[in-house]
Amino acid sequence: MNNGGGKRINGGTEEDDDEDDVNGDLDAWERTYTDERSWESLQEDESGLLRPIDNKALYHSQYRRRLRSLSSIATAARIQKGLIRYLYVVIDLSRAASEMDFRPSRIAVIAKHVEAFIREFFDQNPLSQVGLVTIKDGVAYCLTDLGGSPESHIKALMNKLECSGDSSLQNALDLIDGYLNQIPSYGHREVLILYSALSTCDPGDIMETIQKCKKSKIRCSVIGLAAEMFICKHLCQETGGIYTVALDESHFKELILEHAPPPPAIAEFAIANLIKMGFPQRAAEGSMSICSCHKEAKVGAGYTCPRCKARVCELPTECCICGLTLVSSPHLARSYHHLFPIAPFDEVPPSHLNDPNNKLQRNCFGCQQSLLNPGNKPGLFVVCPNCKRRFCLDCDIYIHESLHNCPGCESFRHSKPVISNEE
Amino acid sequence: MASAPSKLYADDVSLVVVLLDTNPFFWSSSSLSFLQFLSHVLSFLNSILTLNQLNQVVVIATGYNSCDYIFDSSLDLKRSLENGRMPVMCSSLLQKLEEFSFKDEQLSKEEPEGRIKCSLLSGSLSMALCYIQRVFRSGALHPHPRILCLQGSPDGPEQYVAIMNAIFSAQRSVVPIDSCYMGAQNSAFLQQASYITGGVHHKPQNLDGLFQYLMTIFAADLHSRSFLHLPKPVGVDFRASCFCHKNTIDMGYICSVCLSIFCKHHKKCSTCGSVFGQAQSEAASASDKKRKTPET
Amino acid sequence: MVNATKGLFISCDIPMAQFIINLNASMPASQKFIIHVLDSTHFFVQPDVAGMIRSAISEFRDQNSYEKPS
Amino acid sequence: MPQVKIIAKNFMDMVASLPAIKLDMLYRNQFICEAILRSLPPLAKKYVLQMLYIDVPITSKSLQEWVIADGSSKHKVAIDRLIQLRVLEVIDRKKETAYKLNSTFQTNLRKHLINGGILPREPMPSNVTARLPTLEELDAYAHGQWECFLLQLISSGQAERSTSFSSSMMRIFQRGLLRQREKEVPRLTESGFQFLLMDTNAQLWYVIREYISNSEEQGVDQADLIAFLLELSFHTTGEAYSLNTLTDDQRAMIKDLADLGLVKLQQGRKESWFIPTKLATNLSVSLTDSSLRKQGFVVVETNFRLYAYSSSKLHCEILRLFSRVEYQLPNLIVGAITKESLYNAFENGITAEQIITFLQQNAHPRVAEKTPAVPENVTDQIRLWETDLNRVEMTPAHCYDEFPSRDVFEAASDFARVHCGLLWEDPKKMRMVVKAEIHMLMREHLRGNK
């Protein structure tokens, strides 16, 4: 019963026949082990016994490193986060993208994580727009043009992405430079290249293209899936982007998700100015009108543009008739937590817990879980610098990654910082 | 074909986190006394626990100066009788509530001069969401969580950002926030919270029948709600209000760096201090010194 | 006048149908049991042959299954 | 856990089948109201709570407005259930029906909600009941009692100590489960096998239902027994309750329940008391199908080997039904699922689906996390072997041909389709085959419009 077999992947990239003989030498049972790499999750402790790695502490320390690096950049740079971003994601579909070192294949891994990235990106920057560009057979194609809703990009990602030919950086950068020149001046121009080839065959001189991108203030970052390349490092240095190479799938996921929150706006890049925006009202329940985005008659739930009274289906969009960007206040509020980030919590040595004087708080303030490990040994916990409340590790991660409020600080009236009260 | 794991938890097992508003300033002026309000709520909690053996109820008090956990049905499981008439559930809840309101009053003696007397809804909401994350972490077998805000005091504008963060976090973790507002005017925060997270918002006309309102609207479990007529979110006002004059506007100007909202064109953004129309670099050096950072 | 005949309706997959057909062919003329061959997977047979067909099928199945010499 | 629902539902049907006055007497006890409320479908629960404080009857039209269009099927199910259990009384006005909550049910549920559940009897003071068994001991006791009862039920020779049930009682329990031919050893019937594969709660409900319907013949009032049972399920496990708070009917029942492992009887110097076990307190939980899951013990591997980490003879008996038990170690039973073992399971009437659900529900926790708990190739093979057994379907039928005209043929085939007896038809040759049962109807029909 060979139920190992070539793994079927959903998301359209069927395993074509030549794959089987590529790893034909691996039997079925071998392949199941190489897939999970189960030996990696074991660790030898001092007495030589094999112990599974305690991944909870590992996951938490990983998270804290990421948090510290993020908050150090945030506090150093001014709070000016470039919040309206126009980002092109370039996916390299050259021959190298069908390599098998990322299970099941590089392109499948890239597609899965780009989808997660797009959702996270729109979640963190609701006003920004994304476009997808692919490089195949040495030519760059525009898969989807700049758009505000994640669904259209993810649909484009889902259908079959073949990999063939070699890749060309210059063609991609030229294509994107052409597109990004038309966007308004207050926007931040960015490119994120997911590069798996080790070569680039360019028609002209790529150094020239890099200078052109630098001049039109496009910030290019590259995530390499194979090895470090000089040309990518040079491109990122020139344009102020970040160049990273992914070691394995989880590292790649971490790297790509780091590009989701808005980067610190390098001062000279975008000109700050006031953008005129409309806050449409919800159309009355029973109202019938032709919606401008789908050109069909729609009843009820929809929004009317305050300037030209055209009807739009969902927000955030640009009114196709008068060009006014339409947005609702929760969309703006979604980005406020970048502006007023909460301070990272400080770790406290576990022995601190049960000395008599501060015996008052045995449970995590947020979720009431006891901070003592079973057998009453004090476990790891963190303290909020402002309100001195104690939190367990899981609450620490949840508060900084999703909630962005410290329950302790919010629960005390006077200790709350007076944020300029807007409503 | 992989066998779908059999559905171990029926759809109607629910965890209800109730946020009780104990703001003394509101309850002294409201038509329904706090005691009557408590009797309605206690019977409501009792009926939620009766509906299913595995239902769970958590009560958090939203005070004027602080918030704290008052009751967790998964902790004290004994159903035995205590001091004669009152079952153990209510007596432990009332006792903790008494301690809390006493402590809450000690925290700050002075009368709130002109400021609106609001309660710390953002604090109790954040604590509720942390607790729910703990339930999610406890494994695949967990009741379906929802939050019920029983709020009376008006919205506090300084909690806007914190409440919005909590609402988006609840939306991302698919936790509906139901809200029952007993105050005089309308609460925009609660309307938006229920609209965005898919909960139900209702402002009961006459507070004497509060128990019947709770039973009719807020006792239904999440699965049955998809089949019931529930109050529709009508007239949820999503328009923003400008930072400078606080009035809601249809069209406005947004600072491209920090998204603060202004009703007319300004030369400089009051929140982040960036000057409009110039490239950042010239502006950065000029205005760096005198700009006041938001955190005083 | 409509003619009605009593019997047994058999429905099965195509290989089994072929098995039944050649079982019928191997029977002596007097004991042929198929009345109508309705289509490639359905038959109408004599009412009393159910047991005989089932035992022939199980015997056929035993021939085909490999018995590990324990 | 579908079978729990079916069995528990029949328990509720039995409650529903009680005469009205008995049911009203039943609703006088608060805990019964709570247990009944919990056994209702979610929508019905909401209606009860909503109508709790409404004293005036509500017309069915306004009840309909509470639900949106596509909820009407659930609405109908909820209303029927409420009427069936007589929680809702139908008041037929001239032009349309209206509903009102059963008054005793309403008052008791109100009292229950206002001041919570108050048990009729107090746990005994600890000085009298010296040392009470710990929860683990109680569990082990309950499990042991229940298993030896089951073993005796399927009268396999392995039960060490026999329960105190009289042999006539056992025969009543075995009514549906065993086929007793004269000289032969009693063999399990089809439903007997299905009973064995069921979850403990389902088996418990089945036995209790037999016990209660049998007690009817001996003149013991059914409603009291049901009331006492449901009330028992609200006691706290491990607390001692003195026996003299019980009526003598209840005292007789307690002894039988002790044999089933629901309670543990203990004799003090002057007083004797009973301690409810987890089996008792789980009774009302398993009314709704979200009951707690007990520890799985079976590990099935891709090479069809079966490792059961359990020492209980009952598990061994059950595994022997569909697998060849190779050897039995103190805490491990090793078996192999083979074609022969499955074939004699299929002959005994067990279906592949039942075997697979049993293996999945009792999968060892280590195996249960990864889906599928039982390797796919094993489940596929079991289903294949089952279809291999019945590759041929034979149904007695009649064949009609030589129809005089096309419309007579059409009429005949429609007639047969309406009576869902049509097996096969061939319009071209105007020949069709119809099930034997409706042959008579067909004949009149054909003679009628020849």
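1. Which residue is the bridge partner of A:Ile223 in strand 8 of chain A? The partner is A:Thr244. This note concerns a predicted model, in which local features need pLDDT of at least 70, side-chain atom pairs count only at pLDDT 80 or more, and totals for chains, interfaces and linings use all residues. Residues are numbered from 1 along each chain as its sequence is written, while chains are lettered from A and ligands numbered from 1 in the order in which they are written.

2. Strand 7 of chain A, residues 218-224, is mostly covered, with 7 of its 7 residues buried. Here helices (H or I, at least four residues) and strands (E, at least two) are DSSP runs numbered from the N terminus. A residue is buried if 20 or more other C-beta atoms lie within 10 Å of its own, exposed if 12 or fewer, and partly exposed in between, with C-beta atoms placed from the backbone. In a regular strand the side chains alternate between the two faces of the sheet. Both faces of strand 7 of chain A are covered: A:Ile218, A:Cys220, A:Val222 and A:Gly224 are buried on one side, and A:Arg219, A:Ser221 and A:Ile223 on the other.

3. The neighbours of strand 7 of chain A pair with it in the parallel sense: strand 6 (residues 188-195) of chain A over 7 bridges, and strand 8 (residues 243-245) of chain A over 3 bridges. Two strands pair if DSSP finds at least two bridges between them. From strand 6 the chain crosses through helix 7 (residues 206-215) of chain A to strand 7 of chain A, in a right-handed β-α-β crossover. Strand 7, helix 8 (residues 230-239) and strand 8 of chain A also make a right-handed β-α-β unit. A crossover is right-handed if, with the strands pointing away from the viewer, the path from the first strand over the helix to the second runs clockwise.

4. Strand 9 (residues 274-278) of chain A and strand 7 (residues 251-255) of chain B are antiparallel and joined by 5 bridges. In this pairing A:Leu274 stands opposite B:Cys255.

5. Chain B has 9 helices and 8 strands. Of its 296 residues, 48% count as buried. Among contacts in chain B between residues at least 6 apart in sequence, 64% join residues at least 24 apart; two residues are in contact if their C-beta atoms, placed from the backbone, lie within 7 Å.

6. Helix 4 (residues 42-50) of chain D has 8 of its 9 residues buried, so it is largely enclosed by the rest of the structure. The buried residues are D:Pro42, D:Leu43, D:Ala44, D:Lys45, D:Lys46, D:Tyr47, D:Val48 and D:Leu49. They pack against helix 2 (34-51), helix 7 (210-218) and helix 8 (222-225) of chain B, together with helix 3 (30-39) and helix 6 (72-84) of chain D.

7. Chain C has 2 helices and 3 strands, running β-α-β-β-α from the N terminus. Its radius of gyration, taken over C-alpha atoms, is 14 Å. A compact globule of 70 residues would have a value near 11 Å, by the rule of 2.2 Å times the number of residues to the power 0.38. The C-alpha trace of chain C spans about 60 × 25 × 15 Å along its principal axes, and 16% of the 70 residues are buried.

8. At the interface of chains C and D, 23 residues of chain C are in contact with 20 residues of chain D. Strand 1 of chain C gives the most to the chain C side, with 9 residues. By class, that side has 13 nonpolar, 7 polar and 3 charged residues; Ala, Val, Leu, Ile, Met, Phe, Trp, Tyr, Cys and Pro count as nonpolar, Asp, Glu, Lys and Arg as charged, and the others, Gly among them, as polar.

9. Strand 1 of chain C runs antiparallel to strand 13 (residues 393-401) of chain D, and 9 bridges join them. One bridge partner pair is C:Ser11 with D:Glu393. An unreviewed UniProt entry carries the annotation "domain: Transcription factor Tfb2 C-terminal" for residues 380-447 of chain D; UniProt positions are given in the numbering used here, feature names are shortened, and annotations may be inferred rather than shown by experiment. Over residues 380-447 chain D is 47% helix and 28% strand, with the end C-alpha atoms 50 Å apart.
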